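Welcome, and thank you for taking a look at this one. Below is a short briefing to read alongside the sequence and the 3D view.

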Amino acid sequence: MSPESPFNPGPRVHPSRPFAERNRVKRFIPGFLLAVLLAAPGTALAGQGWSVLAADSVGAGRNVFTGQIGYPGLTLGLLHGGSDKVDVGGKFTFNWGREGLVDATDEGLKLQLWLRIMLAKTSNVSFALTFQPGPFVYFIDQGRFDDNTAFGMALPIGFVVGIPVGSALTLNAGIDIPFNVYFGEGIGPVIPILFGGGLEYFVTNQFNVNFNLRLGPSIFPRFDDSAFTMEALAGVAYRF
């Protein structure tokens, strides 16, 4: 493993390349978040009373199955409403992009606890924290005859704002810090700082289709470097 890069030194990963893209993202994100939040005062609280991407819980005693696909992979999850404000569940993920890094197209598996806590709810907006810790493994292709297996732990936290718009649509905006650390392969800690938003469209009270987008840099403290990171996932959720 080259000490000059947080990944293999081949042409597959170029951590210093996306600075222009990050600058564009930094200009876009504040405007997007501001537009979403400014919409809240004139929006009457509606929605369906539950959410998996925004800030509402799924409801005490209720369960939700979710599936999302896009970049960096495929995620399946099960969430249980422990109370009106707390949801607990788990996620299984098969990734083809290592922790959202756009230039690291390595396959891997991840298993996570899924915790959501609704902090507050007003007539127009709700707020929540998320925590999704769990182990991961990635199968890194370093060349035709040189592969490596990387193990680590994901410790992502997030803050999300949920804004119902009418009875069928809920918007969200938030910041995620999906911190992760690699064991035994020289990368060490990675600190992504991702901003963005998403939506959930309720086809019925029990079923929604959704999309979530988060963008930003991942910082590698050991290498004094960073790389552009993206999570863009579309999916469905069914409550039962």
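## A first look

In this predicted model, a polar atom of the Ser51 side chain lies 3.2 Å from the backbone nitrogen of Leu53. That side chain of Ser51 also reaches the backbone nitrogen of Ala54, at 2.7 Å. Around this detail is a protein chain with 1 helix and 12 strands, and the briefing goes through it topic by topic.

**The overall layout**

- The protein chain has 240 residues, and buried residues make up 49% of them.

- To find Ser51, look in the loop between α1 (19–39) and β1.
- Ser51 counts as buried because its relative accessibility is 0%, and a residue is called buried when that value is under 20%.

**The cavity**

- The structure holds 1 cavity of 30 Å³ or more.
- About 690 Å³ of space lies in the largest cavity.
- Its lining is made up of 35 residues, and those nearest the centre of the largest cavity are Lys91, Gln132, Asp176, Glu231 and Leu233.
- Elements that give two or more residues to this lining are β1 (63–71), β2 (73–81), β3 (86–95), β4 (107–121), β7 (147–165), β8 (169–183), β11 (207–220) and β12 (225–239).
- Strand β7 gives the most to the lining of the largest cavity, with 6 residues.
- By residue type, the lining of the largest cavity divides into 15 nonpolar, 13 polar and 7 charged residues.

**Around two of the central lining residues**

- Lys91, one of the residues nearest the centre of the largest cavity, lies over the face of Trp114, at 4.4 Å from the ring centre.
- The C-alpha atoms of Lys91 and Gly67 are separated by 9.5 Å, and these two residues are 24 residues apart along the chain.
- Gly67 lies in strand β1, and it counts as buried because its relative accessible area is 12%, under the 20% limit.
- Asp176, another of the residues nearest the centre of the largest cavity, has a side chain in polar contact with the side chain of Arg214, at 3.4 Å.
- Arg214 lies in strand β11, and a polar atom of the Arg214 side chain is 3.4 Å from the backbone oxygen of Gly197.
- Is Arg214 buried or exposed? Arg214 is buried, because its relative accessible area is 3%.

**Aromatic pairs**

- A search of the whole structure finds 6 aromatic pairs, and two of them are picked out here.
- A pair of aromatic rings is described by the distance of the centres and the angle of the planes.
- Phe94 and Trp96 form an edge-to-face pair, with 5.8 Å centre to centre and 65° between the planes.
- Phe94 is partly exposed, at 30% relative accessibility, and Trp96 is partly exposed as well, with a relative accessible area of 31%.
- Phe136 and Tyr182 form another edge-to-face pair, with 5.2 Å centre to centre and 70° between the planes.
- Phe136 lies in strand β6 (residues 134–141) and Tyr182 in strand β8, so this pair ties together parts that are 46 residues apart in sequence.
- Both Phe136 and Tyr182 are buried.
- Which residues form one aromatic cluster? The cluster is formed by Phe136, Tyr138 and Tyr182.

- The C-alpha atoms of Phe94 and Leu109 are separated by 4.8 Å, and the two residues are 15 residues apart along the chain.
- Leu109 is found in strand β4.
- Leu109 counts as partly exposed because its relative accessible area is 34%, which falls between the limits of 20% and 50%.

Methods
Residues numbered from 1 in each chain as written. Predicted model: local features only at pLDDT ≥ 70, side-chain atom pairs only at ≥ 80, totals over all residues. Heavy atoms only, no water. 1 Å grid on protein atoms, 1.4 Å probe; cavity = no way out; pocket = protein on both sides within 12 Å on 5 of 7 lines; lining within 4 Å. Points joined across faces, edges and corners; volume = space filled by probe spheres on them. Helix = DSSP H or I, 4+ residues; strand = E, 2+ residues; numbered from the N terminus. Nonpolar A, V, L, I, M, F, W, Y, C, P; charged D, E, K, R; others polar. Phe/Tyr/Trp six-rings, centres within 6.5 Å; stacked < 30°, edge-to-face > 60°. Buried < 20%, exposed > 50% of the residue type's maximum accessible area, 1.4 Å probe, protein only. Lys NZ or Arg CZ within 6 Å of the ring centre and 35° of its normal. Polar contact = N/O pair within 3.5 Å; in protein donor to acceptor, adjacent residues only side chain to side chain.
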